Amino acid sequence: MYSLLIPTPIGPLFARASHQALLSVELLVLGEGFPERPNRLLHGLARRVERYFAGEGETFSDIPLDYADSDPRRVALYEEVRRIPPGETRSYAQMGRLCGLTPRAVGAGMRACPFFLVIPAQRVIHADGRLGGFAGREGVKAWLLQFESPKQKDSLSY
C-alpha cells in the first residue's frame, strides 16, 4: 500500500492507494503519525489537488477508486456525485431519486465517503439550501462551495 500527505489551503489530505486505484483520501486535523510511501497515482493526485486549489477546474472524475467491499448502491451514489460539476449542487433528495435511496441514506453515504474531495460530497446539500452535515466540518463544506462558486471566488481568502 502507498500513502502521501498532500497540503491544501483547508488542511492536509492523507491519501492511500494500491498500484491501480485510490483506497481513501482523508482531510486531517493533524498530519502527524501518517507515514508516507507515495506511488505514481498519489503523486498524480497531489498535482491534481494543487490544480483544484489553483482554481483550474479539476474534477478528479477519471481517477480510479477502489470500491472493494462497498455496497453497490453506495458505489452508484458516489459515481453519481462525481458527475456534479464544480460550482453546482444537488439535494440529498435529488441524489436519492437518481440512485434509488432515501435522502437519509444519501446523507449517510456522504458521511461515510472514504474519498474526500475526489468524490465532491460538499456539492450535496438540503433541498432548502441548508448545507447539511460534513462529518462535523460544515465550515470546510461552506468554504469549498464558496471556493467552487464562480461569482464568489474573488472574495475568498486563504
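H2 passes H3 in a right-handed crossing. In this predicted model, helix H2 covers residues 72-82 and helix H3 covers residues 92-99, and their axes come within 10 Å and cross at roughly 120°. That angle makes H2 oblique to H3. On the H2 side, the residues that meet H3 are Ala76, Leu77, Glu80 and Val81, and H3 answers with Met95, Leu98 and Cys99. Sorted by class, this contact of H2 with H3 has six nonpolar residues, one charged residue and no polar ones.

H2 also packs on helix H4, which takes in residues 103-111. Here the axes sit 10 Å apart, at an angle of about 80°. H2 and H4 are therefore roughly perpendicular to each other. The contact brings Arg74, Leu77, Tyr78 and Val81 of H2 up against Val106, Ala108, Gly109 and Met110 of H4. Its make-up comes to six nonpolar, one polar and one charged. Leu77 and Val81 turn up in the contact with H3 and also in the one with H4.

Turning to the strands, there are three of them in an open sheet, ordered E1-E2-E3, and the pairing is antiparallel. As a general point, strands of a sheet pair through backbone hydrogen bonds, either parallel or antiparallel. Strand E1 (2-6) and strand E3 (22-27) stand at the edges; each has a single partner strand, so one side of each goes without a neighbour in the sheet. From one strand to the next, the twist averages 15°.

The pairing of E1 with strand E2 (residues 13-17) runs over five bridges, in the antiparallel sense.

How far can the coordinates be trusted? For the protein, the pLDDT averages 91, and 92% of the residues score at least 70. Residues 153-158 are another matter, with pLDDT below 50. This stretch still has twelve contacts in the model beyond near neighbours in sequence. Where pLDDT is low, though, the predicted coordinates should not be read in detail.

Technical notes. Residues are numbered from 1 along each chain as its sequence is written. This is a predicted model: local features need pLDDT of at least 70, side-chain atom pairs count only at pLDDT 80 or more; totals for chains, interfaces and linings use all residues. Side-chain values use heavy atoms; hydrogens and water are left out. pLDDT is the predictor's confidence in each residue, from 0 to 100. Contact means heavy atoms within 4.5 Å. Axes are lines fitted to C-alpha atoms, for helices over the stretch in contact, and angles run from 0 to 180 degrees between N-to-C directions. Helices (H or I, at least four residues) and strands (E, at least two) are DSSP runs, numbered from the N terminus. Angles under 35 degrees count as roughly parallel, over 145 as roughly antiparallel, 65 to 115 as roughly perpendicular and the rest as oblique. A crossing is left-handed if the near helix is turned anticlockwise from the far one by less than a right angle, and right-handed if clockwise. Ala, Val, Leu, Ile, Met, Phe, Trp, Tyr, Cys and Pro count as nonpolar, Asp, Glu, Lys and Arg as charged, and the others, Gly among them, as polar. Two strands pair if DSSP finds at least two bridges between them.
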